[in-house]
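Please keep the structure in view while reading.

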Amino acid sequence: MADMQDILGAMGGLFLILYGIHLSGVNIQKILGSRLEGILKSASKDPAKGLAAGALITGAINSSGTTTVMLLGLITGGMITLPAAVPVMLGASIGSTAATQLASLHADKCGLFLLVLGVFVHLSAKRKMHKSMGEAVIGLSFIFVGMGLLFSGAEALSEEKTFMAMMGILVKGSPLLAITTAAVVTLFLQSATAASILAVALGAAGIIELPAALLLIIGVNLGSSLKVAYLALRGGNFSGKLAFVHFLFNLTGSAIALALFPYFQAIAEMSADTAPRQIANAHTLYNIISAIIFLPLIPAATDLSCKVSKSMRPIGKNHLFYLDGRLVSTPSVSLAQVNRGAVEMAKISFDMLDSCREMLFDGKAGNIEDIKSGEEKIDLMTEKMTEYAIWISQQNLSHADKMKLFSLMHVLADLEHLTDHILAVSNIFAEMTQTEGAEFSEKAKRDLTAIFGKLKIMQNLVIKALRERNWKLAGEIKDHENKVDEIIKKVADSHERRMRSGACSPLAGKYYMEILYNLERVGDYYDDIAFAITDSFRKSGSGARK
C-alpha cells in the first residue's frame, strides 16, 4: 500500500526533475554564451544542419521551450528568417526526447555521483565559467535523482487500488480524454520533458499499458504547443508566426499517429522488450518521423502562419513581449532584444517629433495628447528595458558584449531624455495657442522648418544605425548635428536682430528661444546616440557593417 511518504516522494521527484531541467539549462546557456547564437545562425542556413543543431542543443539543455525562445529572439532580432528557424525547432522536438531515453535506461543510478561531482566543482571553482559548469552538473544530477524518486513513488502507487481505479478510468476511457489530460499536465508543468518522463514512470510501474502511454505521448506533444498557440493568436509578430508553425507541426504529427495508431503501437513493441524502453523509443520515433514528414511542408506552413497572423486581431499586445527572461543566459540574443526595444523607442520619438511639428505648422493642437502618451510609453519602456539590461549584466559577458550592453544603456537613457525635450517643445506650442500675441513671423517659421527637417534626417539615420548596428551611418549623424548647431546659431542671431528692431514681440521671443534650446538638445542627444554606437564597436574591437 502506498502511503503519504510515497506520494510525496513521487511528487518531489517530479518537481526535482523540473528544477534540474531549469538549473542545468540556464548554466549550459551561460557556458556556451554567444556560441549558441553562432551555432543556431549557422545551422539555420541548411535544413538538415538545423534539424541536427536543434536536437543537440535541446538534448543538452533538456528544454525544447528554451530552444524555441532563443529562436524567437534571433528572429525578432532579424538574425535569421522564419522559414530558416523551423527546421531547428523541429530538431528541438527530437532533442527533447533525450531525457526520456535516459529515464528508460535507469540513468537515475548516476544521480548521486553527479551530485557529488557537481558540488565539488562548484565549491572549488574560482572562475564564474567553472562554477556554471558545476551548477550544470548539479542540475543534471537533480534530474536523475528526481527520476529515481518518481519511479519509486510510481511503483508504490501501483499497489494503491483507488489510484489504479482512477488511472483506469483515465486511460481506458476515450483516447481523447487521455490526450487532453496529458496536454493539460504538460501545460501545468511547463515542460514536455518532465511530462514524458512521468509517462515512462507510469509505464514502468505497470500503471498504464503501452497503448495508453502512446496516447499520453501524443498529448504531451500537443500540450507543448498550447502556450505558444496563444502567442500565435496575438499575431502581428514573428513569435506568433513561429508559435503557429509549432502548433501545426504537433497537430500534423498527432493526426498521423492517431490515424496509423496500430502501426505506431506495433513499431513501439518491436523496438524493445521492456515497457519503459518501448515508451521512450516511441517518443523518439514519433518526433523523428513527424519532423521528417513536416520538413517539405515548411513553406506552406510559414505562408499559412503569415496569413493567419494578418487576419487575427492582436490580443492585449505588449510592446515588450520579446524581453523574455529565458534569453538572458544567451547574452548575444538578449542584447538583440534590447536593441530591438531601442529601435522601437526611436520610432516612437520619430512620431512624437512629427506630431510636434504638425502642432506648429498645421495647427493640430490635439496632437499634444498623443505626444504625452508617447512620452509615457517611452518612460515605461526605458524602465523595463533597463531592468532587463541590468539582468543581462549579471551574466558571463564577453568584452564585446559588455561594450554593446553599455552602449545600449546609454542609448536608452538618451532616447528618454530627448523625448522629454520634444514634449517640452509641444507644451510650449500648446501654451502659445492659449496666449494672445504669441505668434511667430513667417521668417521664424521657415527657420524652424529647416531645423525640424535636419532633425528628421538625424532620426532616420539613428533608427537605421540602431537596427543595422551600422557605425558608418552613425558617423553621418555627427555631420548633421553640426549643421543643426550652425542653423540654430544663425536663427538665434537673426531672432536677436528682429528683437532689437521691434519686429518680434518679447513674449513670442521668449517662447522662440525656449523652443530653439529644446530642439538643439534633441539634436545633441541624437549625436550622443551615434557616439554610443560607434564607441561600442571601437572598444569591443568587433566588426561593423559598412
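## An exposed phenylalanine and its patch

In this predicted model, phenylalanine 188 has a relative accessible area of 63%, and because the cut-off for an exposed residue is over 50%, phenylalanine 188 counts as exposed. This residue is found in helix H10, which covers residues 175–189.

Phe188 belongs to a nonpolar patch on the surface, which also includes Met4, Ile7, Leu8, Met11 and Phe15, and which together has about 630 Å² of accessible area. Helix H1, made of residues 4–32, gives the largest share of the nonpolar patch, namely 5 residues.

## Pairs of aromatic rings

The count of aromatic pairs in the model comes to 5. One of them joins tyrosine 19 and phenylalanine 142, whose rings lie 5.9 Å apart from centre to centre, with 35 degrees between the planes, and this pair is tilted. The pair links distant parts of the chain, since tyrosine 19 is in helix H1 and phenylalanine 142 is in helix H8 (residues 128–157), 123 residues apart. Tyrosine 19 has a relative accessibility of 43% and therefore counts as partly exposed.

Another pair is formed by phenylalanine 249 and phenylalanine 294, whose ring centres are 5.6 Å apart and whose planes stand at 70 degrees, so the pair is edge-to-face. Because phenylalanine 249 lies in helix H13 (residues 238–259) and phenylalanine 294 in helix H15 (residues 275–294), this pair ties together parts that are 45 residues apart in sequence. Phenylalanine 249 and phenylalanine 294 are both buried.

## The two sides of helix H14

Which residues of helix H14 are buried? In this helix, which runs over residues 261–271, they are Phe261, Phe264 and Ala268. When the helix is seen down its axis, these buried residues fall within an arc of 60 degrees, so they line one face of H14. On the other side of H14, the residues Pro262, Tyr263 and Met270 are exposed.

Phe261 and Phe264 also take part in a cluster, in which ring pairs link them with Tyr286.

## Surroundings of serine 355

Serine 355 is located in helix H17, which covers residues 331–361, and because its relative accessibility is 16%, serine 355 counts as buried. If its neighbours within four places in sequence are left aside, serine 355 is in contact with Asn367 and Ile371. Between serine 355 and glycine 366 the separation is 11 residues in sequence and 9.4 Å in space, taken from C-alpha to C-alpha.

How values were computed: Residues are numbered from 1 along each chain as its sequence is written. This is a predicted model: local features need pLDDT of at least 70, side-chain atom pairs count only at pLDDT 80 or more; totals for chains, interfaces and linings use all residues. Side-chain values use heavy atoms; hydrogens and water are left out. Buried means under 20% relative accessible area, exposed over 50%, partly exposed in between (1.4 Å probe, protein chains only). Helices (H or I, at least four residues) and strands (E, at least two) are DSSP runs, numbered from the N terminus. The arc is that of the directions from the helix axis to the C-beta atoms. Patches are made of residues with over 30% relative accessible area and no salt bridge: like charges are joined within 9 Å, nonpolar side chains (Val, Leu, Ile, Met, Phe, Trp, Tyr) within 5 Å. Accessible areas come from the Shrake-Rupley method with a 1.4 Å probe; for residues, only the protein chains shown count as cover. A salt bridge is a side-chain nitrogen of Lys or Arg within 4 Å of a carboxyl oxygen of Asp or Glu. Rings of Phe, Tyr and Trp (its six-membered ring) pair if their centres lie within 6.5 Å; planes under 30 degrees apart count as stacked, over 60 as edge-to-face and the rest as tilted. Contact means heavy atoms within 4.5 Å.
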